[in-house]
Amino acid sequence: MIDRRLIRFMGSSRKYIAFHVLFQLSALLLNIAAVLALALTVQRLADGCLSRRFAAAAAAVFGGALLLRLLCAFASARMSFYASDGVRLRLREAVYGKLLRLGGTAKTRFTSGETVQTAMEGVDQLEVYFGRYLPQFFYSLAAPLILFGVTAFVSLSAAVVLFLCVPLIPLSIVAVVKIAGRVLKQYWGRYGHLGEMFLENVRGLTTLKIYKADERKSREMDEEAERFRVATMNVLKMQLNSIIVMDLIAYGGAAAGVIFAVSGLVGGSVSLGGAVILILLSAEFFIPLRLLGSLFHVAMNGLSASRRLFEILDAPEPQTGREELTGEEKRVSFENVSFSYDGTRMILDHFSITAPGKGLYCLVGLSGCGKSTVASLLNGRCGGYGGSIRIGTRELSRISPDSLRRHVVTVDSNAYLFRGSIRDNLRMADKTACDSRMMEVLREAGLSEWASFSGLEMKLEERAANLSGGQKQRLALARAVLASGTVYIFDEVTSGVDAESEEPMMQTIRALAEHKTVFLITHRLYHCLKADRIFFLADGAVTEEGSHEELMKAGGRYAELFRRQAELESVLGKEEA
């Protein structure tokens, strides 16, 4: 039950655990002092030699010991909080940092619901492990030794019997460890799956209502909830059975102490005061380990959750470089790049393009040809490619992730906007940006109605639900412009955007391309009319390359697709007219 990996996260919390144990031992010694004061008073009273002075002194010791014990209990509770608080923070920071280093691969390895549950409730379960179980573990080792030393002076045989009964509780704990491990693993598996199912259904509730599939999903949730209930009942049954065993040992041991005290008193081998000491302290032999056994089940629950946590922390990270970009590197090249997500189906196969410097470069092609994969490779979300990808003269795999994030800015059709003000969302791109600069980028993105001080204070709901689709995309575009990157990737950024929003966005992108390297991934080919270079992809490779005029003259698949889109739009225009 002492997990070495978890211990490494303790850091400065070790001292709080030591103080916690120290205060517990102090409380035990104070309790022994109170018992001794009471026993001596009873003994003197029985002998008929109790004086007022001694009674007053004994009462002062008894009352002072109880008061100080209360203070020690309060201090122990504070130490328990401090011991667990720092560890929880470090564990969550470790998980968050790991997910950042995993990048886009984290989504494919771990589900959102399970990751959130592990990082939040799973870490909270470890609060008991660090704050109470570990201190109680060390206290339970020392307390019986101290009590044995005290009771041995009264009756050695009674002290030996009580001391030998103490290990029966940890032995009973060991007996249920294997069962507990299996039961708790099943519990956390069901819990994680139920949480993931709930999160997915909430996210897709509108879709479920549209297709009238909500009733079927509700039944599936009920079935999974029932399986989780059964797993929970199995955990409770295991805990209750082990608690019954520990209670039998604890109460039986305490009863044995009472029996020894009474028989010793009757036989004359133990004085009345000694009998009082044995009766009052015999239970103290078992209380620490009995409490440890109660905490054991909660601690096991936390340890079970920690195994999932360490699965995240142990996940292999993509290789990262250490070289830094200067911000002057505007040339981007892919040379014979190959890439596969699953190791079997090639998404990119000998893919080669070159963007010699600032300008607008369009990646077009039918769905599934690899356009978005090119973006994911260039911004570092995916790794493990074959061939060479260079920004300037630097190989992509040798560039540090932080430097890559600063200089390669990506905006896609699902750009996330956070709850808060427009100013808060813009300042994510540049913490030092002043209001006038933020208003400028809003105007550039076609959001003139917000380009004022009051506009920056406008509050956004979760996922910017109070904005239209066009406003969301334009705000995401303004945030990207504010980031002042070197290379920009716009992946279907105008997808689902109305014509009123689309043209201001394209004007901003073209203006950005006058001094930045801009890659535009789009299925609307009329956006490519003013592109410096167009790359037409098919089956993970570039099949056509050139300006719009050159590709139209070549009469290939690009020209065919462009004419087809133009005809469709003209037909739609006539119908609307």
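Modeller: Let us begin with contact, which means heavy atoms within 4.5 Å. Helices (H or I, at least four residues) and strands (E, at least two) are DSSP runs, numbered from the N terminus. This is a predicted model, in which local features need pLDDT of at least 70 and side-chain atom pairs count only at pLDDT 80 or more, while totals for chains, interfaces and linings use all residues. Residues are numbered from 1 along each chain as its sequence is written, and side-chain values use heavy atoms, with hydrogens and water left out.

Biologist: Which elements do the buried residues of α16 pack against?

Modeller: A residue is buried under 20% relative accessible area, exposed over 50%, and partly exposed in between (1.4 Å probe, protein chains only). The buried residues of α16 pack against the helices α13 (422–427), α14 (435–444) and α17 (499–512), and against the strands β6 (408–412), β8 (459–460) and β9 (487–491). Among these buried residues are Gln471, Arg474, Leu475 and Val481. Because 12 of the 14 residues of α16 are buried, the helix is largely enclosed by the rest of the structure.

Biologist: How is the span of α16 judged?

Modeller: The expected span of a helix is 1.5 Å times one less than its number of residues. α16 covers residues 469–482, and its 20 Å from first C-alpha to last is close to the 20 Å expected.

Biologist: How many residues of helix α11 are buried?

Modeller: In α11 (residues 371–378), seven of the eight residues are buried, including Lys371, Val374 and Leu377.

Biologist: What should I look for in the phi angle?

Modeller: Most residues other than glycine have a negative phi. His350, in strand β2 (residues 346–355), has a positive phi near 55 degrees, and His350 is exposed at 53% relative accessible area. Asp539 also has a positive phi, of about 55 degrees; Asp539 lies in the loop between β11 (533–538) and β12 (541–546) and is exposed at 71% relative accessibility. Ser484, which follows α16, has a positive phi near 55 degrees. After α11 comes Gly380, with a positive phi near 85 degrees.

Biologist: How many disulfides are counted?

Modeller: A disulfide is a pair of cysteine sulfur atoms within 2.5 Å, and the count here is zero. The sulfur of Cys382 is 15 Å from the closest cysteine sulfur, in Cys369, which is too far for a bond. Cys382 is buried, at 16% relative accessibility, whereas Cys434 is partly exposed at 40%.

Biologist: How does one find a pocket?

Modeller: Rolling a probe the size of a water molecule over the atoms shows where empty space is left. On a 1 Å grid over the protein atoms alone, a pocket is an open set of points where a 1.4 Å probe fits, with protein on both sides within 12 Å along at least five of seven lines; lining residues have an atom within 4 Å of a point. Grid points are joined across faces, edges and corners, and a volume is the space filled by probe spheres set on the points. The second largest pocket has a volume of about 380 Å³. Of its 18 lining residues, the closest to the centre are Gln24, Ser76, Gln136, Tyr139 and Leu291.

Biologist: Which helices each supply at least two residues of that lining?

Modeller: They are α2 (13–47), α3 (52–102), α5 (112–151) and α10 (272–313).
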